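I opened this notebook to keep a record of what I looked up in the structure shown here. The entries follow the order in which I worked.

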Amino acid sequence: MTDAVLSTPAGASGVGAALRGVAGAVVPVLVVVAAIVALWYVACVPMNIKEALTQAERAGAVINPPSAIERRDASAIGLVVRNPSHASATLNQERPRLPAPHQVGAELWKTTGGMVLRGRAFSKRSLIYHAWVTLSATVFGFVIGTVAGVGLAVGIVHSRVMNMAVMPWAIASQTIPILAIAPMIIVVLNSVGVTGLLPKALISAYLSFFPVTVGMVKGLRSPDSMQLDLLRTYSASRSETFWKLRLPASMPYFFTSMKIGMAAALVGAIVGEMPTGAVAGLGARLLAGSYYGQTVQIWAALFAAALLAAVLVGAIGAVQRATLRRMGMAQ
Amino acid sequence: MIGTSMPTERTAPGAGVAEADQPVIEARKLDLTFQTNDGPVQALRDVNLTINKGDFVSFIGPSGCGKTTFLRVVAALEQPTGGEITVNGMTPDEARRSRAYGYVFQAAGLYPWRTIAKNIKLPLEIMGYSKTSQEEHVARVLKLVDLEGFGGKFPWQLSGGMQQRASIARALAFDAEILLMDEPFGALDEIVRDHLNEQLLELWARTEKTIGFVTHSIPEAVYLSTKIVVMSPRPGRITDVIESTLPRERPLEIRDTPEFLAIAHRVREGLRAGHAYDE
Amino acid sequence: MSNIFGWSIAFLIAASALNIAMANGEGRDQALTRFVVPALFGASLLVVWEGITRGLGVPGVILPAPSAIWETFQANTETLWKDFVQTFVKGALRGYVIGAMAAFLVALLVDRSDFLRRGLLPVGNFMAALPIVGIAPILVMWFGFDWQSKAAVVVVMVFFPILVNTVEGLRATDRMQRDLMTTYAANYWQSLLKLRLPAAMPFVFNGLKISTTLALIGAIVAEFFGSPIQGMGFRISTEVGRLALDMVWAEILVAAIAGSAFYGFVALVESIVTFWHPSQRRRR
């Protein structure tokens, strides 16, 4: 339209431009991640210095100040400044307040790749096993929640009474911390003999249910009146309108709400593993680590959970890109 | 070629002859090349142009001919890659800092969270006018664009034409001598456009500003301008500069006179000549 | 006994029939109908719940009747109020305010550097999708059992959604509006205060609204990992252990009221601040 458009980059063409684009996207992220890791290392020193000094004193070193009580009340940074030679000990403790990144990395490797190499990938001490337990509850619940959510959304879009009666509750439910009933669901279902995967999956299901419902209603309603009027001029039936217009138009919304639903389902499964003294799953690992002060184990479980979330949401994102590209809806 | 054979006639009562030929914007061998992913694009090549005080200059040409880019260079929104340009004898950037011009964009671009009056005050606030003089300026320009009584409305409560008038008022509010307008009426319908064109001419006669005006429309360019700059794309350059022979006083009916049609014809010829380079 | 159940089902059918009649009737677009239909639907669900639990004799350790929950709620208002203050006012609200302010300030800093923005935005988006409640045990270890650790969890949970939304909001101005500021030779602070912050407000409030629920979730779940002897999460986990489900449901009722009131309050402030936005205009 205007000449000004010229100054904005037109679609990248050529390998060089594409490479430059990728580097432009990746380099800043890598720098930020590196900065976070560096900050993490720096934070380890004051966080762990008191314990490090206590241990060093037991081993016979001279600490400034010498009294443990004085040290308890001293500032952590002040202690680091006065005992710089003991700073390195803060990065390799057994039970640090804040484990260093390489400790978490080592623990992660020990409980995943290391176990695989020893052929014990699914032993109770393997994070792969625990991640698998959480994953299966998450995915099972997510599928239930998504199917139910899409079903309800179709009902809401096609029935005026359902729209008027149910939709306000579906929206209001998003403002309520429904996660709070997770412990109750586990305990009640346990008491009637339902144990294992299903209670957790139900929590995941209802957490993913509402976002999917609300997102799908929005998606199925996204065609504008001109598009709907066009089908009316063809005297298309409701089901034809649904299959040929509403459903395809809702796809971007569908994937977006599935990503939200998947993240919520994972949180549900992890929290569902916490309250009952469950023995398996990433939530149980977190809880056990917190009981026994195994901070490295907590952090490893946390990173496994993060990785799981990234893989699950990333998988939906990949399907989204492929589908939308095939449908010609990709940006 | 009727246009060039006759000297420009100046019938505006206020504009003295000596003042009239005082150059305000001067471009010499101006070049601008954009670096894009598809390689360099020459948006302007060897542009030479002088705009005198009190001129109404239209820039016309197809998309990509550099007319908007030239206006943006004058406004220091783009940096030329070669040649030189002065605005009031300064560089465009110095002129921008001394708030020498008001700029009107294709869309009104009013802030929806401010009322019309507050929108017009926006440049005045930034430039540090006193509260009382802000009120005076707003009242004056609202009257100038015929929007008295609408100062308290929000932009989204007004029609598109009224919004564009408000944005012109915003550009006029701070007494800049130069008014740069980038297709200000492009998004409006023909009837509203005619009306605004008429108002703009009246406003120009009353304020004696120097106006640079980008347009796609031949009748609009001929009706408004004292000077029409015809441009063509790839690379963006000036192919013709037409001095208008129409009187300054221009009723809408002037568009049916042979003189008007002759100038319009010459513009069209110029545009066609530019297109001959295509494909 | 099962009479109650039968009557409740009858009520559900009658209410649904009435709803259908109202939803397809002439007054369907009136504000009153829009309120009555969902209210009646909610009420009929409660009646069926009551009918099932009382009529079929469902034990209270599995699902208490709504009337029993309401009685417990009324009988324990003092405990519930203390729990509410501990969890919501001390933990969730303080954490929310601190987290929101921190995210806002960081967003302003990030926005000044294009490099930082391109680096932090994907990381922030990634963090916003993670199960952040998992850090609760660590923060409880660091900050102790009282509200400080809950507030810390809330700070981390609300930080990323607000950060990401604010950064995006600050970029939401189009090129023309920024050019306009350039033609006025406006400095950074002028264009920030007069253009970019107002334009960012709908995005900021989007983040603030998402975070209301997260704040409550964070504060409650963090209490599962240790708390003084009050708080909504503490009460829920101990009463679940004692199978006193009526009390658990009473806490959940409090959580629901607190959650929707919190959200409603933020939405109200939003409608005042961003009155000009297309999504808010029809209310004027």
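**Conventions.** I note that this is a predicted model, in which local features need pLDDT of at least 70, side-chain atom pairs count only at pLDDT 80 or more, and totals for chains, interfaces and linings use all residues. Residues are numbered from 1 along each chain as its sequence is written, chains are lettered from A and ligands numbered from 1 in the order in which they are written, and side-chain values use heavy atoms, with hydrogens and water left out.

**Three-stranded sheet, chain B.** I looked up the strand order of an open sheet of three strands and found E2-E1-E4 (chain B), with antiparallel pairing; helices (H or I, at least four residues) and strands (E, at least two) are DSSP runs, numbered from the N terminus, and two strands pair if DSSP finds at least two bridges between them. Strand E2 (39-52) and strand E4 (82-87) of chain B are the edge strands, each pairing on one side only. On average, neighbouring strands of this sheet are turned by 20° against each other, direction ignored, where axes are lines fitted to C-alpha atoms, for helices over the stretch in contact, and angles run from 0 to 180 degrees between N-to-C directions.

I then went through the pairs: E1(B) and E2(B) are joined in the antiparallel sense over ten bridges, and they form a hairpin with two residues between them. In this pair, B:Ala27 stands opposite B:Leu49 in E2(B). Strand E1 (residues 23-36) of chain B also pairs with E4(B), in the antiparallel sense over five bridges, and there B:Glu26 has B:Thr86 as its bridge partner.

**Six-stranded sheet, chain B.** An open sheet of six strands runs in the order E5-E6-E7-E3-E8-E9 (chain B), with mixed pairing. Its edge strands are strand E5 (101-104) and strand E9 (237-243) of chain B, and its neighbouring strands are turned by 15° against each other on average, direction ignored. I checked strand E8 (residues 227-232) of chain B, which pairs with E9(B) in the antiparallel sense over six bridges; B:Ile228 stands opposite B:Ile242 in E9(B).

**Largest cavity.** The structure holds two cavities of 30 Å³ or more, a cavity being a set of points, on a 1 Å grid over the protein atoms alone, where a 1.4 Å probe fits but cannot get out, with lining residues having an atom within 4 Å of a point. The largest cavity has about 70 Å³ of space, and its lining includes B:Arg165, B:Phe185 and B:Gln199. Helix H7 (160-172) and helix H8 (190-207) of chain B are the elements that give two or more residues to this lining, with H8(B) giving the largest share, four residues. I also noted that the lining draws at least three residues from each of domain 1 (1-6 + 32-83 + 177-183 + 192-279) and domain 2 (101-175) of chain B, the bounds coming from an automatic or database domain assignment.

**Helix H13, chain A.** Why do I take the length of helix H13 (residues 295-326) of chain A to agree with expectation? At 1.5 Å a residue its 32 residues should span 46 Å, and its end C-alpha atoms are 46 Å apart, which agrees; the expected span is 1.5 Å times one less than the number of residues. A:Gly328, which follows H13(A), has a positive phi, near 75°.

**Domains of chain C.** The assignment gives domain 1 (2-58) and domain 2 (74-281), and the centres of these two domains of chain C, taken over C-alpha atoms, are separated by 35 Å.

Methods. 1 Å grid on protein atoms, 1.4 Å probe; cavity = no way out; pocket = protein on both sides within 12 Å on 5 of 7 lines; lining within 4 Å. Points joined across faces, edges and corners; volume = space filled by probe spheres on them.
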